[in-house]
Amino acid sequence: VANDPDDTPEITLSLPAEAVFAVTARTFAANAARHYGLDEETTEDLRLVASELFTNAVERRSDAVAFEIRCTDRRWEMRVEGIGALVDEDAEGRREGWFVGYRAALLETLVDRVEFPEDGVVVISVPHLD
Amino acid sequence: MSGPPWRTCWTRATPDLIEAYWRTEEGIVIDLTLDTRSHGGWTVVAVRGELDLYTAPQLREHVVQLADDASGRLVIDLDEVGFIDSSGLGVIVACLKRCREQGGDLVLVAPEQSPVTKLLALTGLTSAIPVAASIDDVTG
């Protein structure tokens with residue numbers, strides 16, 4: 001846990017983009033959700049979101065994935081860097097091929113705000129009411 | 001890149017049982033167990049653990065072999081799967097396709113309120129993949 005300039009607690013994790021670390025990534029996201037008091041259903045949705053984003057990074061052959069989690073302005077926010085493109089039908093490394101194009105739609109179903117501020121970066125957030 | 005020094009993996013496999021173990025600093029964790037048996041004319045693969053891009057290929061390899069060798073009527077029991085993502089679901093879709101190519105069929109067993117049924121609903125695959133609440137509902 002680190003502190004940013006305005007003292008908002010921030011939890012960070014960087015992992016190699018290797019399949020073996022998928023469980024670490026989603027466990028981290030779920031634990032961070034519980035840490036900030038999110039309900040269990042939302043926590044499980046965020047576990048799935050983290051797994052999908054990490055999977056995307058592995059499929060896109062990224063080197064590393066960095067998670068940053070914070071609560072700000074009544075929202076729980078997770079910024080993930082290194083995920084690669086979410087919609088690329090010609091991507092190599094896709095395991096089954098059937099899920100092409102669906103991952104971004106799945107994310108938007110699971111959380112109410114998904115933003116792509118730059119290539120390979122996604123910021124998802126959910127309401128966090130004290 | 002080799003694995004981290006604090007985590008090593010090995011697999012124990014018999015004709016009916018596959019277990020993947022991890023040795024961690026906290027002890028030994030079984031990531032995925034595949035237990036195969038016959039029940040009412042069906043071949044049942046009971047899965048325990050979590051299905052993601054790391055573990056799902058084990059299920060695919062096992063079920064594809066069964067689809068080629070067995071009678072073609074397969075049940076994948078996901079009652080004890082605590083987590084599944086699109087990688088796991090993709091493998092299930094591949095297994096279903098393989099079974100049907102072999103002239104057989106594949107049915108999933110999963111409780112109504114489970115990660116599996118939720119992901120099927122989210123991805124719109126509920127009507128594409130047969131799901132039963134219990135093995136008895138399949139083999140009846």
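This text walks through a predicted model of two chains, A and B, beginning with the fold of chain A.

Chain A holds three helices and six strands. Read from the N terminus, the elements follow the order β-β-α-α-β-β-α-β-β. Of its 130 residues, 52% count as buried. Among contacts in chain A with a separation of 6 or more, 63% join residues 24 or more positions apart.

Now turn to the interface. Here 24 residues of chain A are in contact with 25 residues of chain B. The area buried between the two chains is about 2,100 Å². Carbon and sulfur atoms give 62% of that area.

Which helices of chain A supply at least two residues each to the side that touches chain B? They are H1 (22-35), H2 (40-59) and H3 (103-110). H2(A) gives the most, with eight residues. By class, this side of chain A has twelve nonpolar, three polar and nine charged residues.

Next, a site within chain B. Thr36(B) lies in strand S3 of chain B, which spans residues 27-39. Is Thr36(B) buried or exposed? Its relative accessible area is 10%, under the 20% cut-off, so Thr36(B) counts as buried. The side chain of Thr36(B) has a polar contact with the side chain of His62(B), at 2.6 Å.

The cysteines come last. A disulfide is a covalent bond between the sulfur atoms of two cysteines. How many disulfides are counted over all chains? The count is zero. Cys95(B) is one cysteine to look at. The nearest cysteine sulfur to that of Cys95(B) belongs to Cys99(B), 6.7 Å away. The cut-off for a disulfide is 2.5 Å, so Cys95(B) is in no disulfide. Cys95(B) is buried, because its relative accessible area is 1%, under the 20% limit. In chain A, Cys71(A) has 16% relative accessibility. That value is also under 20%, so Cys71(A) counts as buried.

Methods: Residues are numbered from 1 along each chain as its sequence is written. Chains are lettered from A and ligands numbered from 1 in the order in which they are written. This is a predicted model: local features need pLDDT of at least 70, side-chain atom pairs count only at pLDDT 80 or more; totals for chains, interfaces and linings use all residues. Side-chain values use heavy atoms; hydrogens and water are left out. Contact means heavy atoms within 4.5 Å. Buried area is the accessible area (1.4 Å probe) that two parts lose on being put together, summed over both. Helices (H or I, at least four residues) and strands (E, at least two) are DSSP runs, numbered from the N terminus. Ala, Val, Leu, Ile, Met, Phe, Trp, Tyr, Cys and Pro count as nonpolar, Asp, Glu, Lys and Arg as charged, and the others, Gly among them, as polar. Buried means under 20% relative accessible area, exposed over 50%, partly exposed in between (1.4 Å probe, protein chains only). A polar contact is a pair of N or O atoms within 3.5 Å; within protein, one must be able to donate a hydrogen and the other to accept it, and residues adjacent in sequence count only if both atoms are side-chain atoms.
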